[in-house]
Amino acid sequence: MRKKQKISLADQIMIGSLLVVFAGFLAYFIYMGVAIQRLESERNQIVSIAKSKTDLKNIDTFNIVTTDKSYYSLLGTTASGEKIGVLLPKAKGAISVIKLSDGVGMYSLPQKGATTIDLALYKGKTVWEVNTKIDFKIYDFKTGKEV
């Protein structure tokens, strides 16, 4: 008959620690998968609403912007090739459709260190929100001047 070998206390602690780390990684990846799936589902729903209620056909950018309120901001083109922006409030409210040719282009704004440039509404006016790693600035859509 063979003798059973006992696992040392140090080995037990190492195995337990590795199991805890593995469980942590597994929980993290499951959490991130659910979060990404929820965000994709929300994005698809917003895109569907925007396409059904506006002339938007192709979407170039989709972002969630927050100035004084939060909005879904979509930039794209219509079937005729006109560039438009569509703003849907996260809370209840009217959808805004903005012809991008009616204002200052996003690339004519100061962009030093910009990570994103998004169309938004601020106090009822259409604006460009220029985000950097440390802050953001708001520029009037019509004039390009900082608000």
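Visitor: In which sense do strand 3 and strand 4 pair, and over how many bridges?

Guide: Please keep in mind that this is a predicted model. Strand 3, residues 83-89, pairs with strand 4 in the antiparallel sense, and four bridges join them. One of the residues to look for is leucine 87, whose bridge partner in strand 4 is serine 96.

Visitor: What is the order of the strands in the sheet?

Guide: The sheet is open and has four strands in the order 1-2-3-4, with antiparallel pairing. From one strand to the next, the twist averages 20°.

Visitor: Which strands does helix 1 lie across, and at what angle does it run to strand 1?

Guide: Helix 1 lies across strand 1, strand 2 (70-78) and strand 3, and its direction is at about 125° to strand 1.

Visitor: Where is threonine 54 found, and is this residue buried or exposed?

Guide: Threonine 54 is in the loop that runs between helix 1 (9-53) and strand 1 (56-66). Buried means under 20% relative accessible area. Threonine 54 has a value of 10%, and therefore counts as buried.

Visitor: Which backbone atoms does the side chain of threonine 54 reach?

Guide: A polar atom of that side chain lies 2.5 Å from the backbone oxygen of alanine 50. The side chain of threonine 54 also reaches the backbone nitrogen of leucine 56, at 3.2 Å. Beyond its neighbours within four places in sequence, threonine 54 is in contact with Val86, Ile95 and Val97.

Visitor: How many aromatic pairs does the structure hold?

Guide: There are four aromatic pairs. One of them joins tyrosine 28 and phenylalanine 29 in an edge-to-face arrangement, with 5.4 Å from centre to centre and 70° between the planes. Tyrosine 28 is partly exposed at 46% relative accessibility, while phenylalanine 29 is exposed at 54%.

Visitor: Why is the pair of phenylalanine 62 and tyrosine 72 called stacked?

Guide: Planes under 30 degrees apart count as stacked. The planes of phenylalanine 62 and tyrosine 72 are at 25°, with ring centres 6.1 Å apart, so this pair is stacked. Because phenylalanine 62 lies in strand 1 and tyrosine 72 in strand 2, the pair ties together parts ten residues apart in sequence. Both phenylalanine 62 and tyrosine 72 are buried.

Note on methods. Residues numbered from 1 in each chain as written. Predicted model: local features only at pLDDT ≥ 70, side-chain atom pairs only at ≥ 80, totals over all residues. Heavy atoms only, no water. Helix = DSSP H or I, 4+ residues; strand = E, 2+ residues; numbered from the N terminus. Buried < 20%, exposed > 50% of the residue type's maximum accessible area, 1.4 Å probe, protein only. Polar contact = N/O pair within 3.5 Å; in protein donor to acceptor, adjacent residues only side chain to side chain. Contact = heavy atoms within 4.5 Å. Pairing = 2+ DSSP bridges. Axes fitted to C-alpha atoms, helices over the stretch in contact; angles between N-to-C directions. Phe/Tyr/Trp six-rings, centres within 6.5 Å; stacked < 30°, edge-to-face > 60°.
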